[in-house]
Amino acid sequence: MLKLLSIFRITAFLEGISYILLLFLAVPIKYVWEDPQYVKLLGMPHGLLFIIYIVIAFWIKDDMEWSSKDFALVLLASIIPFGTFYVDKHYLTNSNG
């Protein structure tokens, strides 16, 4: 469980970074300068990280003893900018695994 939790924390961090870069760098470049290459470059890695984040969240939810509300928040955090950083700080950092 501890190893999976570590992988989840890394995935959450990378997913959060990729989402921020996609939303606040790649998308504006696509629409302001009409250059979609950054969206194409960041889109696939972000999508894979998003899927991995969701799958691991389902795997660890019982071990983490998250309530339905907490689990919903962990999932919702993956679509809110900076959300995965909140999850790491409030749900993963203080965990004994």
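The following questions and answers walk through a predicted model of a protein chain, from its overall fold to single residues.

Visitor: What should I know about the model and its numbering before I start?
Guide: Residues are numbered from 1 along each chain as its sequence is written, and side-chain values use heavy atoms, with hydrogens and water left out. Because this is a predicted model, local features need pLDDT of at least 70 and side-chain atom pairs count only at pLDDT 80 or more, whereas totals for chains, interfaces and linings use all residues.

Visitor: Which pattern does the secondary structure of the protein chain follow along the sequence?
Guide: Helices (H or I, at least four residues) and strands (E, at least two) are taken as DSSP runs and numbered from the N terminus. On that basis the protein chain has four helices and zero strands, and its C-alpha atoms fill a box of roughly 45 × 20 × 20 Å along the principal axes. Read along the sequence, the pattern is α-α-α-α.

Visitor: What percentage of the contacts with a separation of 6 or more comes from residues 24 or more positions apart?
Guide: A contact here means heavy atoms within 4.5 Å. Among contacts in the protein chain with a separation of 6 or more, the share from residues 24 or more positions apart is 65%.

Visitor: How are H1 and H2 oriented to each other, roughly parallel or roughly antiparallel?
Guide: Axes are lines fitted to C-alpha atoms, for helices over the stretch in contact, and angles run from 0 to 180 degrees between N-to-C directions; the axes of H1 and H2 come within 8 Å and cross at roughly 150°. Angles under 35 degrees count as roughly parallel, over 145 as roughly antiparallel, 65 to 115 as roughly perpendicular and the rest as oblique. The pair H1 and H2 is therefore roughly antiparallel.

Visitor: Is the crossing of H2 and H3 left-handed or right-handed?
Guide: H2 and H3 pack at an angle of about 165° with their axes 10 Å apart, and are therefore roughly antiparallel to each other. A crossing is left-handed if the near helix is turned anticlockwise from the far one by less than a right angle, and right-handed if clockwise. By this rule H2 passes H3 in a crossing that is right-handed.

Visitor: Which residues of H4 make the contact with H1?
Guide: The axes of H1 and H4 come within 8 Å and cross at roughly 155°, which makes H1 roughly antiparallel to H4. From H1 the contact takes Leu5, Phe8, Arg9, Ala12, Phe13, Glu15, Gly16, Ile17 and Ile20. The partners from H4 are Thr84, Phe85, Asp88 and Leu92.

Visitor: Is Trp66 buried or exposed?
Guide: Trp66 lies in the loop between H2 and H3. Leaving aside neighbours within four places in sequence, Trp66 is in contact with Phe8, Ala57, Ile60, Lys61, Phe71, Val74, Tyr91 and Leu92. Because its relative accessibility is 12%, Trp66 counts as buried.

Visitor: Is Glu65 buried or exposed?
Guide: Glu65 also lies in the loop between H2 and H3, and its phi is near 55°, a positive value in a residue other than glycine. With a relative accessible area of 71%, Glu65 is exposed.

Visitor: Which residues does His46 touch, not counting those up to four places away in sequence?
Guide: His46 has its place in helix H2, and it counts as buried at 10% relative accessibility. With residues up to four places away in sequence set aside, His46 touches Glu15, Ser18, Tyr19 and Leu22.

Methods. Buried means under 20% relative accessible area, exposed over 50%, partly exposed in between (1.4 Å probe, protein chains only).
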